[in-house]
Amino acid sequence: MSELKLEGSCLCGSVAYEIKADTTNQKPKFFHCHCQRCRKATGTGHASLIIVFDASLEWKKGGDNFNYYKVPEASRFATCFCKKCGGALPRYDAENRRAVVPAGSLDHEPDIKPEARIFWDSRAEWSCENDLPAFAEYPE
Ligand SMILES: [Zn+2]
Ligand SMILES: [Zn+2]
């Protein structure tokens, strides 16, 4: 079994988490997502998200100190953020054991690197770009 461990916290430090995932069957994905929802949620040109499968999440600190917001018309788009500082936190789908981790909330360098830009067709013109592959929406 190969395991990935991700540890992070919010801006004010009142919420901290640890995610562990068994990456044997499904590799984690690391995307810069340029969709409009990610822009609105982060206030930046793209969100940098690590999607982890077969994952468990443990709130190390402040487990009742965050809010969760799901966009009503979205099938799954949601954000999770500290009640005090608004800092981005992972959202966790316990049923599917799937975690979406805002890379900027990590307290260490993760073992994986961004692999693509997604929702490229929705990007803001001023958004940054480089030589990563870009997908109109989700990669196939
Ligand atoms: Zn905070
Ligand atoms: Zn997005």
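## Basis

In this predicted model, local features need pLDDT of at least 70 and side-chain atom pairs count only at pLDDT 80 or more, while totals for chains, interfaces and linings use all residues. Residues are numbered from 1 along each chain as its sequence is written.

## The β6-β7-β8 sheet

Three strands (DSSP runs of E, at least two residues, numbered from the N terminus) form an open antiparallel sheet in the order β6-β7-β8, where strands pair if DSSP finds at least two bridges between them. Strands β6 (66–70) and β8 (88–89) are the edges, each pairing on one side only. Strand β7 (residues 78–82) runs antiparallel to β8 and is joined to it by two bridges, and cysteine 80 has leucine 89 of β8 as its bridge partner.

## The largest nonpolar core

A nonpolar core is a set of buried Ala, Val, Leu, Ile, Met, Phe, Trp, Tyr and Cys residues joined through C-beta atoms within 7 Å; buried means 20 or more other C-beta atoms within 10 Å, exposed 12 or fewer, and partly exposed in between, with C-beta atoms placed from the backbone. The largest core has 29 residues, and Leu89 is among those that touch the most other members. Strand β4 gives the most to this core, with four residues.

## Two positive phi angles

Aspartate 54, in the loop between β4 and β5, has a positive phi of about 50 degrees although it is not a glycine; aspartate 54 is partly exposed, with 19 other C-beta atoms within 10 Å. Phenylalanine 119, likewise not a glycine, has a positive phi of about 55 degrees and counts as buried, with 22 C-beta neighbours inside 10 Å.

Terms used: Chains lettered and ligands numbered in written order.
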